[in-house]
Amino acid sequence: MSATLVTVETTTQLTDDLIIQPPTSGIALQGQIEVPGDKSISHRALMLGAISQGETQIQGLLLGEDPRSTAECFRAMGAEISDLNTQLVRVKGIGLGQLKEPVDILNAGNSGTTLRLMLGLLASHPGRLFTVTGDSSLRSRPMSRVVKPLQQMGAHIWGRAGAALAPLAVLGQTLKPIHYQSPIASAQVKSCLLLAGLMTEGKTTITEPSVSRDHSERMLKAFGAQLTTDPDSKSVTITGGATLHGQTVIVPGDISSAAFWLVAGSIVPGSEILIENVGVNPTRTGVIEALAMMGADITLENQRVVAGEPVADLRVRARALHGCTISGDLIPRLIDEIPVLAVAAVFASGTTIIKDAEELRVKESDRITVMANQLNKMGAKISELTDGMEITGGTPLTGAEVESYSDHRITMSLAVAALNAQGKTTIHGAEAAAISYPTFVATLKQVCGTN
């Protein structure tokens with residue numbers, strides 16, 4: 001197998017450039033790999049463990065920057081959380097309603113999940129004052145989607161732009177239950193309100209236009225919450241007052257991280273990659289369905305259930321792809337994977353249309369504009385839509401200097417594109433990958449045969 005040159009350099013600005021240059025003879029990606037623990041499940045395990053009675057043990061926790069932010073916030077409010085590692089993290093819970101008023105500002109870093117979910121808990125702790133913030137990216141991302149329904153429940157929250165932007169101050173209250181008709185399918189909105197409902201007398205119901213990922217529902221039930229779901233109405237209801245008890249949580253591999261290898265293995269000729277121990281929760285497998293619509297060769301092997309979550313090994317083999325339309329109810333189930341799906345579309349024959357994905361404009365970056373601009377620098381033909389992209393595939397890419405915009409998914413998506421481009425690609429600000437995938441470059445070298 002030919003070798004690909006993959007190097008990481010540190011610039012004088014103390015940021016990393018990821019330089020990828022495939023050999024002119026091409027390369028077939030090969031290997032049996034694992035991806036880091038699921039980010040969504042890691043966040044929720046830390047949070048629920050912190051507010052439960054007894055000890056929670058977490059195996060396979062993601063060691064990215066975002067879960068570290070969650071752990072630090074809950075340590076500051078009284079939970080005992082051992083050093084984070086992938087083998088075993090112990091969380092000694094302090095019980096529901098017992099979060100302490102912190103002596104300092106709670107900093108969620110770059111993690112929208114940390115900040116938005118945490119708001120539901122903070123708002124429902126009567127008489128305690130909390131101040132929350134994040135990095136420059138998080139301070140520019142919309143918080144009103146959770147603040148407004150919390151205010152309908154009686155929450156007292158103040159902040160920039162009418163409490164639409166962090167920093168935010170929260171004075172805990174005794175909340176009232178509501179039935180919230182969410183205008184968007186968002187697991188963060190749903191989870192925030194479910195956490196608020198834990199300490200709210202009565203039944204709190206959230207109805208979505210499409211069903212978003214359901215990790216919170218699964219884990220809340222496992223910890224002892226009184227929760228029911230109604231798939232027909234796309235609703236979930238939590239009854240306040242239950243006591244949560246510590247659990248053992250086994251975190252499967254994150255399908256959002258596996259997505260980069262699913263696309264890379266599909267587009268680089270001659271490739272075959274086996275990705276082991278990946279969570280295949282049906283609310284998260286939209287990326288597999290979208291790639292199947294494009295003609296990808298992906299098989300699920302060794303399917304099983306681990307700690308309440310479906311898990312499988314994913315085998316991907318290279319195959320010619322064709323364009324398709326990705327839209328509607330599929331979007332909430334693959335929203336984080338759209339940047340790398342755009343890369344797949346660039347190498348597919350015909351036209352791919354991605355729509356109903358305006359949510360991408362308020363992620364860590366405007367992922368519609370950034371992916372279109374950066375891939376077009378490499379020779380792609382992408383037109384922006386208000387809520388997505390129109391991608392004309394089949395044009396060979398040429399290496400170029402591209403920017404990550406400090407967005408982990410942009411960084412890794414551009415790296416996948418570079419594997420199938422001619423010449424050298426330099427990705428500036430590639431250290432952003434550590435937010436969700438600290439070992440990305442090491443795995444990249446592994447599948448490329450570069451050590």
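What follows covers confidence, then cavities.

This is a predicted model, in which local features need pLDDT of at least 70, side-chain atom pairs count only at pLDDT 80 or more, and totals for chains, interfaces and linings use all residues. Residues are numbered from 1 along each chain as its sequence is written, and side-chain values use heavy atoms, with hydrogens and water left out.

The chain has a mean pLDDT (the predictor's confidence in each residue, from 0 to 100) of 95, and 96% of its residues reach 70 or more. Residues 1–5 stay under 50, with 21 contacts (heavy atoms within 4.5 Å) beyond four places in sequence. Residues 7–12 are also below 50, with 14 contacts beyond near neighbours in sequence. Where pLDDT is low, the predicted coordinates should not be read in detail.

On to the cavities: each is a set of points on a 1 Å grid over the protein atoms alone where a 1.4 Å probe fits but cannot get out, and lining residues have an atom within 4 Å of a point. There are two of 30 Å³ or more.

| Cavity | Volume | Lining by class |
|---|---|---|
| Largest | about 50 Å³ | four nonpolar, two polar, one charged |

Around the largest cavity sit Arg44, Met47, Leu48, Ser191, Leu195, Ser216 and Leu220. Two or more lining residues come from each of α1 (39–50), α6 (187–197) and α7 (215–223), and α1 gives the most, with three.

The lining of the second largest cavity includes Asp38, Ile41, His215, Arg284 and Glu309.

Terms used. 1 Å grid on protein atoms, 1.4 Å probe; cavity = no way out; pocket = protein on both sides within 12 Å on 5 of 7 lines; lining within 4 Å. Points joined across faces, edges and corners; volume = space filled by probe spheres on them. Helix = DSSP H or I, 4+ residues; strand = E, 2+ residues; numbered from the N terminus. Nonpolar A, V, L, I, M, F, W, Y, C, P; charged D, E, K, R; others polar.
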